[in-house]
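Here are a few exercises to work through with the model open beside you. Try each task on your own before you read the steps.

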Amino acid sequence: MAHPVLMDDLRSSVRAFLRSYDFTPAVDAWHAGWDEDFTRALAARGWVGMTIPEEYGGAGRTFLERFAVTEELLAAGAPVSAHWIADRQTAPSLLAYGTEEQKREFLPAIARGECFFAIGMSEPDSGSDLASVRTAAERTDGGWLLTGTKVWTTGAHRAHAFLVLARTAPHDPSARHAGLSQFIVDLRAPGVTIRPIVTMGGEHHFNEVALTDVFVPDDRLLGRVGDGWRQVTSELGYERSGPERFLSTLPLLNEAAAATRRGELPKHPDLGRHIARVAGLRHMSQGVARSLQDGEPADVEAALVKVLGTTLEGDIVEFADQLGMAAPILTTAQLRRAGFTLRGGTNEILRGVIARGLGLR
Amino acid sequence: MTVDPALQDMLTSVFSDHDPASPIGSLWKKLGSLGLARLTTPAGRGGSGAGWDEAAALLRTAASHGVPVPLPENDLLANWLLTEADLPSDESIRTACVLDETGTARSVPWAGDADRITLLWAAEDGWRTADVPASSLRIERAANLAGEPRDTVHAPLDATSGTRVGGHVAEEFMLRGALARALQMTGAMDGILRLSIDHATTRTQFGRPLAGFQAVQHLIADMAAEAALAKAATDAVLRDGLTPFNVAVARSCAGHATTTVVRNAHQVHGAIGTTAEHPLHRYTLPALAWRAEFGSLHHWDEHLSQAALSTDQDIWHLINDL
């Protein structure tokens, strides 16, 4: 485990940087706060791709050090979404399953804050039931032809590439998780059509990405043919347990506390309850980060963090609204709230994961 | 938070062997002979000289087996006060309490069953403590929701001059008691979760175990999530220190977790869980009773609200003070 004093130094450096950089604290800024200048400023300090080894252009830091930095950025509501997916899950996947050439091609660019990734998992007919994906990869000369449609692809209109989960063998009802593979797909390649999915708040972060005979060369297969399911589920530990699963609305809770101090909102003990839960959840989430660092499975623990944390994010929105707060940050949070307990696996799916871990199913 | 596996095995065996319905006399003797009755009391004072991690394992294991026993009172409160005041200790069963200005303390745990009571009160010149035989005090017996002794103690303050102790002692007494109850609550929640999983996987209705119903799975998953949060928040006090903020976080998380865990457990168990015969109440009632002791849930939530409102720091810096 990293030395606690070192972590304090690291946290202090991040706080000092955040004080010096001009940005407006926002809710949900890891999902919606796309600011490539901010990303490059972070990268210049070694805070993007922190866990990428130095030989691949990263900072060679531990997961717990990355945890400390990301916590500080999220708590401040800083605009980190440009590099978020690449930093959180693409880089670990490339390190785990990528070829030497793929690592050299993508990891240094990710760490420089110049290469952004999106996620290509969900499809119009495959939401929670990910194993039912239909995007097909057909063998062709020197590679694969991909055809299908991916949805909820955050940032596809700005990112460079995405990791696509596709069928490389026909669906077999007796082995639902077999026959899937992962591909690194250039979002500007011929045959890729990106259409915005506008949210009820009028915002454009999500996209539908249609693939029509998109040629993917052999050297852009990630990992092994048929191993896609195992590979994507190992990504989910990173995707589900991090501080973005309970800090998305902390800037709103801060605003509510400040407004209460100013006498604009009534005092309510739920303020304390929410503070306690944020504090407790960071201990749980840190526990998962430690497990991931030690290479231990943490699916159930990650599911526990995400169920509690995303519920808390929504409860904070309700809290501010019920107190009578009126502020743009609350409106934004209300328009995003419904997504908190859906993205990255709905809380109902996660309760199923927990129930399986408890031996109930 | 980990302890020596051999210690954990010993704790599990001691409390599994005990019949919760039988009197605690023989159990107390056993705890004494194993060095568990005064686990954190310094070795030079007749204790085992262990720390909070070991105490946490002891309290959680007792609570997760539904065994009521005055371990926090004897070791973490009374013997701690004796150490602070440099007063002699022995194998007597002790409890401790804070007297008001009339010499009265209410809801004193186990006072009627203790050999001696360690008293703490505010004198004109500061805090004082005295260790007296229970027989020298007037004690009115009462009980908490779980039937554990919570008695009223009347002490003749003018007859006791007491020993001066530091000004920090009164606040630390409260924090130690509050943390002990949080640890016991997490132990009880472990027991409740175990009983609920057992029941859901063995009780069959509509031709399948209750666990086959998604609605039941989700009730139990939510219990597990809340219990895990409570455990993480109490473990954090052991690791990061017995500060008012850390204890308030633990008590808030454990207190709200108790709501979900107790409600859902009874819902999963159905009517049988409400009977005297079924063991569930030996866990659910103490969890609720402990939540109300050493500060109500509202008290701890309010403590954190005030902490946020009485500073210009943002909440994150309050939570994560460098």
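Chain B has ten helices and nine strands, where helices (H or I, at least four residues) and strands (E, at least two) are DSSP runs numbered from the N terminus. Residues are numbered from 1 along each chain as its sequence is written, while chains are lettered from A and ligands numbered from 1 in the order in which they are written. Keep in mind that this is a predicted model: local features need pLDDT of at least 70, side-chain atom pairs count only at pLDDT 80 or more, and totals for chains, interfaces and linings use all residues.

**Exercise 1.** Work out whether the radius of gyration of chain B agrees with that of a compact globule.

Step 1: the radius is taken over C-alpha atoms, and the globule rule is 2.2 Å times the number of residues to the power 0.38.
Step 2: for 322 residues the rule gives a value near 20 Å, and chain B has 20 Å, so the two agree.
Step 3: look at the extent too; the C-alpha trace spans about 70 × 55 × 40 Å along its principal axes.

**Exercise 2.** Find the strand order in the three-stranded open sheet of chain B.

Step 1: two strands pair if DSSP finds at least two bridges between them.
Step 2: the order is 2-6-5, with antiparallel pairing.
Step 3: strand 2 (104–109) and strand 5 (138–140) of chain B are the edges, as each pairs on one side only.
Step 4: on average, neighbouring strands here are turned by 30° against each other, direction ignored, using axes that are lines fitted to C-alpha atoms (for helices, over the stretch in contact) and angles from 0 to 180 degrees between N-to-C directions.
Step 5: zoom in on strands 5 and 6 (residues 150–154) of chain B, joined by three bridges; Arg138(B) has His154(B) as its bridge partner.

**Exercise 3.** Describe the side of chain B that touches chain A.

Step 1: count contacts (C-beta atoms, placed from the backbone, within 7 Å); 34 residues of chain B meet 36 residues of chain A.
Step 2: the largest share on the chain B side, twelve residues, comes from helix 6.
Step 3: sorted by class, that side has 22 nonpolar, eight polar and four charged residues. Ala, Val, Leu, Ile, Met, Phe, Trp, Tyr, Cys and Pro count as nonpolar, Asp, Glu, Lys and Arg as charged, and the others, Gly among them, as polar.

**Exercise 4.** How do helix 9 of chain A and helix 6 of chain B pack?

Step 1: helix 9 (residues 270–293) of chain A meets helix 6 of chain B at about 90°, with axes 8 Å apart.
Step 2: the helices are therefore roughly perpendicular, given that angles under 35 degrees count as roughly parallel, over 145 as roughly antiparallel, 65 to 115 as roughly perpendicular and the rest as oblique.
Step 3: pick out the contact residues, including Gly280(A) and Met284(A) from helix 9 of chain A and Ala232(B) and Asp235(B) from helix 6 of chain B.

Technical notes:
Two residues are in contact if their C-beta atoms, placed from the backbone, lie within 7 Å.
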